[in-house]
Amino acid sequence: MATPTGPPFTTRSLEVRNASAHTGPIEINQIRIEPIAEEKVSLTGTPWVKLFAGNRSAENGMALSYIAPEVVDGQYVVNLDKLEVENEIGKWKKALIVYVIGETPGYNQMHRYISQHWNNVAEPDLFLHEDGYYIVKFLSLSDLREILYGGSYTINSKLVILKQWSLEFDFNTEFLIEIPLWVKFPKLPMNCWGINSLSRIASTLGNPLFADQCITKQTRVSYTRILIEVNVTKKLPTEITVNYLLGRQFQQPIEFEWKPEFFSEYLKIGHDCMKQK
């Protein structure tokens, strides 16, 4: 019979060997032994806590902190800081929503267009939204107005629609339903060129935004040109009736620099349903 060469097998050694299988503290002959805590690691063998350590720097993103939410009737409710929200609103009020009728241009193409055609203002920040429109954030409201009121724009013969960002803006429910259009009122009598009169006339089509500088300086008197936010899902009139001076009235013609075709079946502008059949 072979003689064992290992250490003597005792009850004490059995207790120690079995101790390694426990996750909590054990006692051996009244001596308390605490287990060594294991550090959780990823599949690559790197501890999780160290795996994302580099992302905690401000250079790699935005450092966040835990803020306990409120619980109301068993549901989490988030109460945002009013001052912070108002500050963010102030930033985005200097932004324009930019939509190109037809195919959305690529980011690089749009960036080049802005650099070449909107170089009369400080270079804005450009953001592409997955719904097919851009957000252009300017450094100031004056820069925004310079571009918004500067006239009609096109990219590859496709109209560029501009609209100022607002708190209630929702692309899916609002855009392209109410859009700013330049409208001409040919041969409008000079006695109807007052601010109040122009506002009343333009309000028959929608929300007046801006009258071009030729009106304010009166360097052109053959027609007035006004930027109006128009609901394009409705039929656009070709003339309106204007009453003035003790019951006198006249029919004022209306000309749109670009008159959109809205196809209700597809809820799109410039989309001919008949071509799809």
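Reply: Happy to! This is a predicted model. Its protein chain holds eight helices and 17 strands.

Me: How many residues does the protein chain have, and what share of them counts as buried?

Reply: The chain has 277 residues, and 31% of them count as buried. Its accessible surface comes to about 19,700 Å², with 52% of that belonging to carbon and sulfur atoms.

Me: And what about contacts between residues at least 6 apart in sequence: what share joins residues at least 24 apart?

Reply: That share is 56% in the protein chain.

Me: Let's do sheets. What is the strand order in the open sheet with five strands?

Reply: The order is β6-β7-β5-β9-β8, and the pairing is antiparallel. At the edges are β6 (125–129) and β8 (153–155), each pairing on one side only. From one strand to the next, the twist averages 30°.

Me: How many bridges join β8 to β9?

Reply: Three bridges, with β8 and β9 (residues 158–164) running antiparallel. Within that pairing, Thr154 stands opposite Leu159 of β9.

Me: Remind me, what holds paired strands of a sheet together?

Reply: Strands in a sheet pair through backbone hydrogen bonds, in either a parallel or an antiparallel way.

Me: Now the open sheet of four strands. What is its order?

Reply: That one reads β11-β12-β10-β15, again with antiparallel pairing. β11 (206–211) and β15 (255–256) each have a single partner strand, so one side of each is left without a neighbour in the sheet.

Me: How many bridges are there between β10 and β12?

Reply: Nine bridges, in the antiparallel sense, with β12 covering residues 223–231. As an example, Val183 has Ile226 in β12 as its bridge partner.

Me: Which strands does α7 touch when it packs on that sheet?

Reply: α7 touches β10, β11 and β12, and its direction makes about 45° with that of β12.

Me: Switching to aromatics. How many aromatic pairs does a search of the whole structure find?

Reply: Eight. One of them is Trp118 with Phe138, a tilted pair at 6.3 Å centre to centre, with 35° between the planes.

Me: Where do Trp118 and Phe138 lie, and what does the pair tie together?

Reply: Trp118 is in the loop between α4 (107–117) and β6, while Phe138 is in the loop between β7 (133–137) and α5 (141–148), so their pairing ties together parts that are 20 residues apart in sequence. Trp118 and Phe138 are both buried.

Me: How is the pair of Trp118 and Tyr153 arranged?

Reply: That pair is edge-to-face, 5.5 Å centre to centre and with 70° between the planes. It links distant parts of the chain, 35 residues apart: Trp118 in its loop between α4 and β6, and Tyr153 in strand β8. Tyr153 is buried, as is Trp118.

Me: Nice. Which residues form the aromatic cluster?

Reply: Tyr113, Trp118, Phe138 and Tyr153 form one cluster.

Me: What about Trp193: buried or exposed?

Reply: Trp193 counts as buried because its relative accessibility is 8%, under the 20% cut-off. You'll find Trp193 in the loop between β10 and α7. Trp193 and Thr224 are 31 residues apart in sequence, with their C-alpha atoms 8.1 Å apart in space.

Me: Last topic, backbone angles. What is the phi of Lys187?

Reply: Lys187 has a positive phi of about 55°, although it is not a glycine. Lys187 lies in the loop between β10 (178–186) and α7 (195–202), and it counts as exposed because its relative accessibility is 72%.

Me: And Asp73, what's its phi?

Reply: Phi of Asp73 is near 55°, a positive value in a residue other than glycine. Asp73 belongs to the loop between β3 (70–72) and β4 (75–77). With a relative accessibility of 76%, Asp73 counts as exposed.

Me: Great, thanks for the tour!

Methods. Residues numbered from 1 in each chain as written. Predicted model: local features only at pLDDT ≥ 70, side-chain atom pairs only at ≥ 80, totals over all residues. Heavy atoms only, no water. Helix = DSSP H or I, 4+ residues; strand = E, 2+ residues; numbered from the N terminus. Buried < 20%, exposed > 50% of the residue type's maximum accessible area, 1.4 Å probe, protein only. Pairing = 2+ DSSP bridges. Axes fitted to C-alpha atoms, helices over the stretch in contact; angles between N-to-C directions. Phe/Tyr/Trp six-rings, centres within 6.5 Å; stacked < 30°, edge-to-face > 60°. Contact = heavy atoms within 4.5 Å. Areas by Shrake-Rupley, 256 points an atom, 1.4 Å probe, with all protein chains shown as cover.
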